[in-house]
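Open the model in your viewer and follow along. Each stop says what to select and what is there.

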Amino acid sequence: MTLSEITTIREKLLADLDGIGAADQLEAFKLAHLTRKGTIGAMFDDLRSVSKEEKPLAGKELNALRQLVEERFKEKESLYTAGAGVGIRHAIDLTMLARAVSVSAPGHEHPLMKTLNEMVSIFERMGFAVEYGPEVEDDEHNFEKLNFAPDHPARDMQDTFFVRSNPLAQQGEGAGPAPTLGEAAPLLLRTHTSPVQVRLMERQKPPIRAIMPGRVYRNEAISARSGVAFFMMEGLVVGPGVSMADLKGVLLSFAKQFFGSDAKIRLRPSFFPFTEPSAEVDVSCYICGGKGCRVCKNSGWLEILGAGMVHPNVLSASGIDPEVYTGYAFGIGVDRTAMMRYGVNDIRDFFENDARFLEQF
Ligand code: DAH
């Protein structure tokens, strides 16, 4: 045995110890190297073969080697010995200084919730109640009672996430039309918050004045403009003599409170199965004030919601007499509105939980 062999073995044992990651490996290490017959023991036996001149130095080196390895072994052991409490003392250094809590950016509302909560409180101040409905819906509420024709493309698998598809459809032709009620009806993730209108009208008679915020789901390609889950806020007002003028008034008031007192709105004719007439509502661009800029693509207007007078079919399907009552409804996309408001270009930024993004709101 030479001095350089001792050095080589020391390096190897220390490296092996370093690589140990579990209690049973520690035990094996001890057996192989630290017992009487182990590597180090055997090296002491070997001292006999070392020349007289080299013996004192070799003995000293060997003792140092044993001490070092045993020390390192104990350190490792304390990390893996449960119960002794020693491991914990090593794993958690109680003397270490705590990381400073940033006072400038403590936890706060997510930009989407901030937008939604602001919308909700504006409508609450105007006397709207807040109502909720299930995210897992049936065809009856998500489509049928909202006056979607049985073959409306929005019912297609392309747009809707089904939780339970129609079991009879598996049987092929001759199975008859898809049942929309009861046990066999398909269940789906609601594609909009409009079904909550129906649920509300089913359980409450007019006058109704409510908003219905919540998460909705669509089976769409994920892009900078759309995700598979996003937030919408529905509004519904039903009573005797409710008119399109009331709708316009409420929406204008909302736009002024949300986007600023200079905001204007315009209604463009549109189509939704559950409203007649239907409109798409734009707000004057809050960036350029309507002069035209990059955000509004030089049109001066930003589309913010869909709205209209509740279709008589929807009222009667929900148990309300359309001869007596009329109503208006609207649906706002919360994520899109938040994007506009904060100048966010990619909807996915809201969901990636990057603190550098979230801290800005
Ligand atoms: N549900 C529609 C959508 O998913 C939004 C909408 C349009 C809601 C018009 C309404 C409405 O209540 O009247 O885009």
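Buried means under 20% relative accessible area, exposed over 50%, and partly exposed in between (1.4 Å probe, protein chains only). This is a predicted model, in which local features need pLDDT of at least 70, side-chain atom pairs count only at pLDDT 80 or more, and totals for chains, interfaces and linings use all residues. Residues are numbered from 1 along each chain as its sequence is written, and side-chain values use heavy atoms, with hydrogens and water left out.

**Stop 1: cysteines**

Select Cys-296. Is Cys-296 buried or exposed? Cys-296 counts as buried because its relative accessibility is 3%. A disulfide here is a pair of cysteine sulfur atoms within 2.5 Å. The cysteine sulfur closest to that of Cys-293 belongs to Cys-285, 3.7 Å away, so it is too far for a bond. By this rule there are zero disulfides. Cys-296 is in no disulfide either; its nearest cysteine sulfur, in Cys-288, is 3.7 Å away.

**Stop 2: a loop residue with positive phi**

Most residues other than glycine have a negative phi, and most peptide bonds are trans. Select Lys-297. Its phi is positive, about 50 degrees, although it is not a glycine. Lys-297 lies in the loop between S8 and strand S9 (301-310). Helices (H or I, at least four residues) and strands (E, at least two) are DSSP runs, numbered from the N terminus. Lys-297 is exposed, at 70% relative accessibility.

Next, select Asn-353. It is not a glycine, yet its phi is about 55 degrees. Find it in the loop between helix H11 (334-342) and helix H12 (355-358). Its relative accessible area is 55%, so Asn-353 counts as exposed.

**Stop 3: cis peptide bonds**

Select Pro-206 and Pro-207. A cis peptide bond joins them, with omega about 5 degrees. Pro-207 sits in the loop between helix H8 (194-203) and strand S5 (208-217). Then go to Glu-276 and Pro-277. Their peptide bond is cis too, with omega near -5 degrees. Pro-277 is in strand S8 (residues 275-284).

**Stop 4: a helix pair**

Select helix H2 (residues 23-34) and helix H4 (residues 55-80). They pack at an angle of about 160 degrees, with axes 10 Å apart. Axes are lines fitted to C-alpha atoms, for helices over the stretch in contact, and angles run from 0 to 180 degrees between N-to-C directions. Contact means heavy atoms within 4.5 Å. Among the residues that meet are Leu-26 and Phe-29 in H2, and Val-69 and Phe-73 in H4.
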